[in-house]
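Visitor: I would like to learn how to read a model of this kind. Could we go through it one feature at a time?

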Amino acid sequence: MMEPGLYHILFISAALFFIGVYGFLTRRNLVTMLMGIELILNSVNLNFIAFNKYVWPAKMTGLFFVLFIIAIAAAEAAVAIAIIINLYRSHHSIDVTNDEDLKY
Amino acid sequence: MPNALTISLIPLLPFAGFILLGLFGRKYLKKSSGIIGTVLLLASTIIALYTAYEYFFVYGKVGGGFQKFIPLQLTWLEFSQGVSIDMGILIDPISVMMLVVVTFVSLMVHIYSLGYMKGEERFPVYYSFLGLFTFSMLGLVLACNIFQIYIFWELVGVSSFLLIGYYYEKPSAVAACKKAFIVTRFADLGFLIGILILSFCSGTLDFTTLIQRLTTVGTSEFKTAVSYSFMGVSAVTWGAALVFVGGAGKSAMFPLHIWLPDAMEGPTPVSALIHAATMVVAGVFLVARLFPVLALTTPHVLEIVGWVGAISAVFAALIACTQTDIKRVLAYSTMSQIGYMMFALGVSKYGGENGLGYTASMFHLFTHAMFKALLFLGAGGVIHFVHSNEIKDMGGLRKVLPITHITFLIACLAISGVPPFAGFFSKEEILLAAYQNNIGIYWIALITSGLTAFYMFRLYFNIFWSKPYESHGEHHHGEGGFVMMLPLVLLAIGAAAAGFIPFGEYVSSDGIPLESHFHLQFSIVPVVLALTGVFTAMWMYKTQNDKPAKLATALNGFYTAAYHKFYIDEMYIFVTKKILFNLIGRPAAWFDRNVVDGLVNLAGSTTQAASENIKKFQSGKVQQYAIYFLAGIIVLATLFIYAWK
């Protein structure tokens, strides 16, 4: 078995990122779009970890970044879900195309 | 030495009254506002009298002449080194004298108004405006900086506007206050340009430095001022002449006098204030303030001052003989007397015996304030009584208004120059100064003094004699109480006795006391002329007869012209409506409507069209935004990676 190198992980991370973007852009369901955002965030986390391990193994900077991002992502998810619930209450749907009147 | 604190209280007390009554008068001080205003002014009058006493008798005279003091000078706005607008106090004989005149007459008006304006709806407003008026005039006379004088000058304009338009529900009052404001404002434009020219020449705005630099031959400023010229006239002459235009506008000199008769629309005590102590004498004061420059550097301007004054004097006197509204007669008599003060300055020279005209002018200002305020307040009492301004509604009032009658008579004698009343002395000095320096102006002045006696006694006999008094059945409310009689009596004392003040001892062009000589043989002609005027008026108007009508018919064309004020108003209307409006107003309106508005509209429609195009980007579709965002990031990242290596 070959030891996975930096490029393998970067590849996975990039793939995750674009899957996330694709999901965010194509889904109409707000919860699914939120899941897309989570994928994007986690692809970034993966990048941080990989660079930390392979390029500067002596340092912990990447690790701390990741911890922060996870914490903030949790908070963000809570806010987003609150928004979604409120949207559902007012619009009786969580389809993003039904919320266009919010621009006014 | 003068105390800056006490002196600054003189203008600040009326100002405090203005603030207090203006802010709280209508709600909380409805009844007491008159008392508050009067008490504040009483305090300021007392301080002014004290200051005058201190200046003239204690510290003012140093080394044989009265000195200038500047106890307070705060830099308010500095343009460049040396050129700054200051707020300060300049104490010299004329400013101290003006302090006394302004506060005293204003106090009389305040007291008189307690009775005259009683029960007015806007009583507190009236008193707050009076306070503002007094404050601005006091600030004007104390000014140590030519720009400070300009600021207070405009304040005087504004407060006269407010007071003339006090009865703002009357359309004529509204028209009058607008006219007063616009005409004086127009003249002030000249004043402002004059200030700019003078300050450019002298490199300062400060009075003492300015006068010193522009009168000392040999200073670099003096050379600049004389060498720059426009249309063959030197810069300093232009500056002085333009400053005089401002003074002429405020002092209602021909041909900028048209606002003055209309200003009679204000309450009568206000007319007394405008005509006796504030506003119209401001122009005379300004010329006196800059007198050294005018006399030493620009004698031509002084000559213009003299002729403008003389023409105004005789012109107004002729009109006054024909008017039937008593306040208008008094208004034209003011214009005539201010003309006297102006030409007295005009014929004067700087320093020594030749400065007699200057002293005489200031003396006349002082005595005129007394008798003119008295005349107006007396006329106010008469109008109050008969409810009309027209002399045909009056007559035989001497029995019903005894105090008014006596005081009015004293004022008439004083203004006519009958000895020993105040006007006699000041007029003699003026005539003497004119006789010594400019014989043409002397003759005009002599004719005017005869006319003055005639029209004043025409008024007097028409009001108090003429026909017997007939009661119209309305209730008889007498002369108005104590508060209306007290100012009349005090002013009558002033009008009778002010002439005995040896004025030359205190006020002279260069500060060195001037011995006033009394020439008995010289005063025979004017006094005889004045008495002739008085007796002619008596012969014509003491009892009702047809002599005035016959005379009017005999002088038909001339009488009509004078009655219509020589059509000056009509000329103004013609020039503004027909010429200015058509040549400047209409093209300017066209330019404004088409070019200026067009540009503004163009800017608006361009923006609108642009926004019409880009507003589709804000669709409300979250994912579309995300795509723009992503695309932007990708473009930036590409640029960052490949372009900024």
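Visitor: How many helices and strands does the secondary structure of chain B come to?

Guide: Keep in mind that this is a predicted model. Chain B has 25 helices and six strands.

Visitor: What box do the C-alpha atoms of chain B fill?

Guide: Taken along the principal axes, the box is roughly 110 × 70 × 50 Å. Of the 645 residues in chain B, 51% are buried. Among contacts in chain B between residues at least 6 apart in sequence, 79% join residues at least 24 apart.

Visitor: How should I read a pair of packed helices?

Guide: Two packed helices are described by the angle between their axes and the distance between the axes. In chain A, take helix α2 (residues 30–54) and helix α3 (residues 61–91): they pack at an angle of about 175°, and their axes are 9 Å apart.

Visitor: Why is α2(A) called roughly antiparallel to α3(A)?

Guide: Because angles over 145 degrees count as roughly antiparallel, the angle of about 175° makes α2(A) roughly antiparallel to α3(A).

Visitor: Which residues make the contact?

Guide: From α2(A) they include Leu34(A), Leu41(A), Phe48(A) and Glu38(A). From α3(A) they include Phe65(A), Ile69(A), Ala73(A) and Gly62(A). By class, the contact has 16 nonpolar, four polar and one charged residues.

Visitor: How many residues of chain B are in contact with chain A?

Guide: Nine residues of chain B are in contact with eight residues of chain A. On the chain B side, these are four nonpolar, four polar and one charged.

Key:
Residues are numbered from 1 along each chain as its sequence is written. Chains are lettered from A and ligands numbered from 1 in the order in which they are written. This is a predicted model: local features need pLDDT of at least 70, side-chain atom pairs count only at pLDDT 80 or more; totals for chains, interfaces and linings use all residues. Helices (H or I, at least four residues) and strands (E, at least two) are DSSP runs, numbered from the N terminus. A residue is buried if 20 or more other C-beta atoms lie within 10 Å of its own, exposed if 12 or fewer, and partly exposed in between; C-beta atoms are placed from the backbone. Two residues are in contact if their C-beta atoms, placed from the backbone, lie within 7 Å. Axes are lines fitted to C-alpha atoms, for helices over the stretch in contact, and angles run from 0 to 180 degrees between N-to-C directions. Angles under 35 degrees count as roughly parallel, over 145 as roughly antiparallel, 65 to 115 as roughly perpendicular and the rest as oblique. Ala, Val, Leu, Ile, Met, Phe, Trp, Tyr, Cys and Pro count as nonpolar, Asp, Glu, Lys and Arg as charged, and the others, Gly among them, as polar.
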